[in-house]
Amino acid sequence: MGVDEVADRLYALPPEEFTAERTAAAKEDKAGAKEINALRKPTVGAWLVNTLAREDPHLLDQLLSLGPALAEAQRSGKGDELRTLGAQRRELIGAVTQRAFELADRPPTAAAREEVESTLEAALADPETADAVRTGRLIRSLSYAGFGGVDLEGAVAGPAPSRTSKKAPKKQPAKAKAAAAEPVPPKKDIAAAEARALDAAGALDDAVRAAQRAAEDHDAAAAAEEQAAADVHEAERVLREARERRTAAEDATRKAGRQQERAEHAVKDAQAKEEKARQALDKLRRS
């Protein structure tokens, strides 16, 4: 079995089984051990998306096919179409995310749901990210901030989909340019377009800030969850040690109780012997 086949098998496994299976696979394949050991364990959210890509690729493609339509609607500025597609996108992302949990047979959690939805949103916004999602080998969740590309560095096991460079548009002959030239719009239309552009830029800034705040909130929540888990672990350790001390104290109490009983019997025996000896002495004195 080659490294690619091993990777496909490993990234189909639940994250909790990944490390042990990777170690076993590396032992079996000495030649590919270095590459196999370099495969990183996926997050739960990434694994859920990988499961979706493997178990229900048709549903995933149905969702990702909305990406070009959304991009075209944004370019053309068709507000009604954009709103319709946006509603369809949110509905589909919710349904597809729920399907991912069902396929993985995992109860949905807020953190994992956010990872899956963020990754699917990024895949809709960026074609290369969509290709990365389709590999079924995601290592971490992905996110799109509303501008630029999605950071795929270290996100996919194996080579990530390469970003295609955009070719410069071909220069048109002067006559063709003249023929294609549009009439210059009136100043009123230009002012209205500028106002719309400013509104759009403001909305973009708000969306970017909201995305940044959401990312910060997510990081803070993840840190709080990790700290809470550590606190629970420490509390369980303290409770376990307290129970051990209680058990030891109970054993010591029982032992001390037995010793007390023996001591009391010894005292009674000693008193009886003392009384007997005293009576014998009195008898000797009277005779």
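**Exercise 1. Which residues in helix 1 meet which residues in helix 2?**

Before we dig in, a word on the model: it is predicted, so local features need pLDDT of at least 70 and side-chain atom pairs count only at pLDDT 80 or more, while totals for chains, interfaces and linings use all residues. Residues are numbered from 1 along each chain as its sequence is written, and side-chain values use heavy atoms, with hydrogens and water left out.

*Solution.* Start with contacts, meaning heavy atoms within 4.5 Å. On the helix 1 side you'll find V6, R9 and L10, and they meet F18, E21, R22 and A25 of helix 2. Now sort this contact by class: four nonpolar residues, no polar ones and three charged ones. (Ala, Val, Leu, Ile, Met, Phe, Trp, Tyr, Cys and Pro count as nonpolar, Asp, Glu, Lys and Arg as charged, and the others, Gly among them, as polar.)

**Exercise 2. Work out how helix 1 and helix 2 are oriented.**

*Solution.* Take the axes, lines fitted to C-alpha atoms over the stretch in contact, with angles from 0 to 180 degrees between N-to-C directions. For helix 1 (residues 3-10) and helix 2 (residues 15-28), the axes come within 10 Å and cross at roughly 160 degrees. That makes the pair roughly antiparallel, a label for angles over 145 degrees.

**Exercise 3. Is T51 buried or exposed, and what does T51 touch?**

*Solution.* First place T51: look in helix 4, residues 44-55. Its relative accessible area is 8%, so T51 is buried (under 20%; exposed is over 50%, with a 1.4 Å probe and protein chains only). Then skip residues up to four places away in sequence, and T51 touches D56, L103 and A104.

**Exercise 4. Find what stands out in the phi of D105.**

*Solution.* D105 sits in the loop between helix 7 (79-104) and helix 8 (110-125). Most residues other than glycine have a negative phi. D105 has a positive one, near 55 degrees. As for cover, D105 counts as exposed because its relative accessibility is 68%.

**Exercise 5. Describe the chain as a whole.**

*Solution.* Next, burial: 24% of the 287 residues are buried. Finally, among contacts with a separation of 6 or more, 59% link residues 24 or more positions apart.

Conventions. Helix = DSSP H or I, 4+ residues; strand = E, 2+ residues; numbered from the N terminus. Parallel < 35°, antiparallel > 145°, perpendicular 65-115°, else oblique.
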